[in-house]
Amino acid sequence: MLTIKNERARGVLRYLIPLIIIPVLIILGAIVFKGKRYLLISLGVVVFSLVLFITGFEEKKTGSRRLVIISVMVALCVVGRFIPFFKPITAITVITAIYLGGEAGFLTGALAALISNFYFGQGPWTPFQMFAWGMVGLIAGLLSLPLKRSRVLLGIYGVLAGVVYSGLMDVWTVLSVNGVFSWQMYWAMFITALPYTALYCASNAVFLMLFAGPFGRKLERVKIKYGV
């Protein structure tokens, strides 16, 4: 597996990719191409997510082993989307990020959205879902230490993750309806979706508080056993 050995380059890419490159790519796809090139944009998000993931390690063997674990977590996310009302994809992405790093969390969320949508339906919304779930994972990785230590904070983050995801997806909703972004319409969409957002936030919090510990212990044992 490729590595990026220059520490400065890795540091720059860790911020540049999720905060500038991917958002600009998605917004341009939605505005310039009117959502018609969404598969190409989704592929671009995958490529940059992999580059972001690569910035998180130096040793080739470590990165390869970590990628295998991420594949398993992505599979769990995809299966989780089939559970009615209670979809643990956000929670599994957060758990991955806490124990494997924010870059791993971003990749897990992005891939889970793309792969699961081959069943649930691909569309111009897919890149936005990839970015939204990816950012939820990336932020969780940055907050991993306090989230590991407190179930209460973990539950709070589950609620905030639901708000972040819904808020980012509302950007797509406004662009799909209006063609351009409007704060007035955005807040109208956000308020209209509050009942669904509340249910989603609650399910995230419950899943994280109940299952983050058992999942985390398994991941910690795997990390120790295989030197990840």
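Is Lys148 buried, partly exposed or exposed? I looked this up before anything else. Lys148 is partly exposed, with a relative accessible area of 35%. I note here that the model is predicted.

**Entry: salt bridges**

I wanted the background idea before the list. Side chains of opposite charge can pair when their charged atoms come close. I then looked for such pairs, and the count came to 3 salt bridges.

I began with Lys148. Glu220 forms a salt bridge with Lys148, and the closest N and O atoms are 3.6 Å apart. Glu220 lies in helix H10 and Lys148 in helix H7 (residues 144-149), so this pair ties together parts that are 72 residues apart in sequence.

Next I asked which other residue forms a salt bridge with Glu220. I found Lys223, with the closest N and O atoms 3.8 Å apart. Glu220 and Lys223 both lie in helix H10. They are 3 residues apart, about one turn of the helix. I wrote down Lys148, Glu220 and Lys223 as linked in a network of salt bridges.

I then turned to Arg14. Arg14 forms a salt bridge with Glu103, with 3.5 Å between the closest N and O atoms. This pair links distant parts of the chain: Arg14 is in helix H1 (residues 7-31) and Glu103 in helix H5, 89 residues apart. Is Glu103 buried or exposed? Glu103 is buried, with a relative accessible area of 15%. Arg14 has 27% and counts as partly exposed.

**Entry: aromatic rings**

How many aromatic pairs does a search of the whole structure find? I noted 17. I looked at two of them.

One is Phe82 with Tyr119. The pair is tilted, with 4.7 Å centre to centre and 50° between the planes. Phe82 sits in the loop between helix H3 (60-80) and helix H4 (89-100). Tyr119 sits in helix H5 (residues 102-120), and the two are 37 residues apart. Phe82 is partly exposed, at 42% relative accessible area. Tyr119 has 60% relative accessibility and counts as exposed.

My other pair is Phe106 with Phe131. Their ring centres are 6.5 Å apart and their planes stand at 65°, so the pair is edge-to-face. Phe106 lies in helix H5 and Phe131 in helix H6 (residues 126-142), so the pair ties together parts that are 25 residues apart in sequence.

Arg81 lies over the face of Phe120, at 4.6 Å from the ring centre.

**Entry: helix H10**

I came back to H10, the helix that holds Glu220 and Lys223. Where does helix H10 (residues 194-226) bend? I found the bend at Phe211, and it is about 50°. A proline, Pro214, follows within four residues.

I then listed buried residues of H10. Among them are Thr197, Tyr200, Cys201, Phe207, Leu208, Ala212 and Leu219. Gly216 is also one of the buried residues. My last stop was just after H10, where Gly227 takes a positive phi of about 65°.

Key: Residues are numbered from 1 along each chain as its sequence is written. This is a predicted model: local features need pLDDT of at least 70, side-chain atom pairs count only at pLDDT 80 or more; totals for chains, interfaces and linings use all residues. Side-chain values use heavy atoms; hydrogens and water are left out. Rings of Phe, Tyr and Trp (its six-membered ring) pair if their centres lie within 6.5 Å; planes under 30 degrees apart count as stacked, over 60 as edge-to-face and the rest as tilted. Buried means under 20% relative accessible area, exposed over 50%, partly exposed in between (1.4 Å probe, protein chains only). A charge sits over a ring if NZ of Lys or CZ of Arg is within 6 Å of the ring centre and within 35 degrees of the ring normal. The bend at a residue is the angle between axes fitted to the seven residues ending there and the seven starting there. A salt bridge is a side-chain nitrogen of Lys or Arg within 4 Å of a carboxyl oxygen of Asp or Glu.
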